[in-house]
Amino acid sequence: MPSPLLTGRHERSQRFEAVYAAHHGPILGYLLRRTDNPDDAADALAETFLAAWRRLEDVPAGPDARLWLYGVARRVLANYHRGQRRRSALAGRLRADLAVSYRPPEYTGELAQIAEAYRRLPAGEREVLALSAWEGLGHGEIAVVLDCSRNAVRIRLHRARKRFARELAAGQAQSRSADPGLRIPNGDLA
Amino acid sequence: MKQLTRISPVSDTEAAHLARPGTLAELAERITVESPVQDAARGVSVRERWRSAKRRKWVVAVPLAVALAVALLVLTSLGRPGQRVGPVSVGPPAAQALSFSRHHGQITVIVRDPLADPAAYRAEFARHHLRISLKLLPVSPSLVGTVVYIGESGGADIAPITARGRCWTGGGGSACPVGVRIPAAFHGSAQLVFGRAARAGERYESTTSAFAPGEVMHGMRVRGRTVAQVLLLLRARGVTVPVFNYARGDVARNVRHVPGGWFVYDATPWAPREVMLSVGPGRTQPPVGAPQPLSSRAPVPSPTPTG
């Protein structure tokens, strides 16, 4: 659905504020789930919505706006991971808030194994899995975010799930061999 | 996939509540103060941007009537002695590092020398039973003496004090954040970061547009100009370009040399008398993060003949 034509600055601001109000939570969530550094998430949130403000005519109306924003946020973070990081003057207060309110989780036991298996996946496979599991997107929605066909998403997701299962099994096997003493009475390994 | 959902670090609902409502509103407000188009890329003059920004209020602007109702500590940076921020002189006449004074229930702390040892500031705050550290980072000229970052814990709401027209900031327009207001009952801890002038060759930690008043490219137009042309203009101002930013598809990278026939889209202050130019092979800049068709892939940058 195309974005409504924006004529005046006031109208433009109102439209932006509506997009921001509806989607800042999910976009911040998306960013925090993909970086261990809350400062980066704050800066990327500012950069993502600054892009939305400047390209407001390109932002789709309705729920599709979120998919568009995920796509921008993904590219902003990709640049951060390549060292193109710039502290945003816009996000100073948000960085301060997140520094106090958010700490990335540290997993132990089984969850640590799952997290490690996930980290071992290539970045592209991590992203397609995360869009499905964390953002709860369907194939068609992931295709919009990644700017590829629905069929390509289906194939990537299938491959990613298989590889994730393999990595998880390998991690569990390694854990068992590292600690053979944890054998329990019925013969299974803990 | 159920396993993956178990390691989701944070839910959307949780994320939405990690920042204070005022912080989120301020970010939206500061974004909409920005020009809707990228000035250098689309040729909007800084004067137009300045005018449009001045009409808008910045949500951080503090209602000072409320401020007078409670005992406050006011920290104000006045920049380096004798220093000018944009068109306005902000430097104090004295060379003292820090001074505290009490008037009408407020304590005013003035940073008199942003190049002084931060340990001295920490000691001063400790003497006033405030767990506040102050750090100074090198920033581009128009941000010197402004608040770059406020970090706090303990629940108190430390808010910037703005002085309209004193400087131009990236998001605040002419509402220049020159200090902070701290409730007297503040029992938490906080870190304040102010911008200071960079030393020669020192990289800026925080910057605004290179075209803002007080910055080295103020008043310069680059739209439709090539790298070679802009380098000549900059040479006349004694400004050099140590690095170019070049975006290709999703990837933006910094390179030291690009062809002189490429076009300049934008500029960012880099260090004193140095800027980073955003460049590309096309006359107009592709949209931020826009996917690039394989057929229009730009060539790999090669050394520029214009040096």
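## Contacts and fold of chain A

Of the contacts in chain A between residues at least 6 apart in sequence, 71% connect residues at least 24 apart. The model is predicted. Chain A contains eight helices and zero strands, and its pattern along the sequence reads α-α-α-α-α-α-α-α. Chain A has 190 residues, and 41% of them are buried.

Helix 4 of chain A is largely enclosed by the rest of the structure, because seven of its 10 residues are buried. These buried residues are Gly92(A), Arg93(A), Leu94(A), Arg95(A), Ala96(A), Asp97(A) and Leu98(A).

## The side of chain A that touches chain B

Between the two chains, 52 residues of chain A are in contact with 49 residues of chain B. On the chain A side, the elements that give two or more residues are helix 1 (9–32), helix 2 (38–54), helix 3 (64–81), helix 4 (92–101), helix 5 (109–119) and helix 6 (123–133). Helix 1 of chain A gives the most, with 11 residues. Sorted by class, this side of chain A has 31 nonpolar, nine polar and 12 charged residues.

## A helix pair across the two chains

Two packed helices are described by the angle between their axes and the distance between the axes. For helix 2 of chain A and helix 3 (residues 21–33) of chain B, the angle is about 45° and the axes lie 10 Å apart. The two helices are therefore oblique to each other, and helix 2 of chain A passes helix 3 of chain B in a right-handed crossing.

Helix 2 of chain A makes this contact through Ala46(A), Phe49(A), Leu50(A) and Trp53(A), while helix 3 of chain B contributes Leu27(B), Ile31(B) and Thr32(B). By class, the residues of the contact are six nonpolar, one polar and no charged. An α-helix has 3.6 residues a turn, so residues three or four places apart point the same way.

## Nonpolar cores

The largest nonpolar core has 59 residues, and those with the most contacts inside it are Leu31(A), Leu45(A), Ala52(A) and Ala73(A). Helix 2 of chain A supplies the largest share of this core, 10 residues. Leaving out residues up to four places away in sequence, Leu45(A) touches Ile27(A), Leu28(A), Leu31(A), Ala91(A) and Leu94(A).

Another core, of 46 residues, lies apart from the largest one. Among its residues are Ala96(A), Leu134(B), Tyr204(B) and Val239(B). Ala96(A) is also one of the buried residues of helix 4 of chain A.

## Two loop residues

Val10(B) sits in the loop between helix 1 (2–6) and helix 2 (12–16) of chain B. Val10(B) counts as buried because it has 20 C-beta neighbours inside 10 Å, and 20 or more is the cut-off for that class. Not counting residues up to four places away in sequence, Val10(B) touches Gly29(A), Leu32(A), Arg33(A) and Ala15(B).

Pro104(A) is found in the loop between helix 4 and helix 5 of chain A. With 14 other C-beta atoms within 10 Å, Pro104(A) is partly exposed. Pro104(A) and Asn37(A) are 67 residues apart along the chain, yet their C-alpha atoms are separated by 8.0 Å.

Methods
Residues numbered from 1 in each chain as written. Chains lettered and ligands numbered in written order. Predicted model: local features only at pLDDT ≥ 70, side-chain atom pairs only at ≥ 80, totals over all residues. Contact = placed C-beta atoms within 7 Å. Helix = DSSP H or I, 4+ residues; strand = E, 2+ residues; numbered from the N terminus. Nonpolar A, V, L, I, M, F, W, Y, C, P; charged D, E, K, R; others polar. Buried ≥ 20, exposed ≤ 12 C-beta atoms within 10 Å, placed from the backbone. Core = buried A, V, L, I, M, F, W, Y, C linked by C-beta atoms within 7 Å. Axes fitted to C-alpha atoms, helices over the stretch in contact; angles between N-to-C directions. Parallel < 35°, antiparallel > 145°, perpendicular 65-115°, else oblique. Left-handed = near helix turned anticlockwise from the far one by under 90°.
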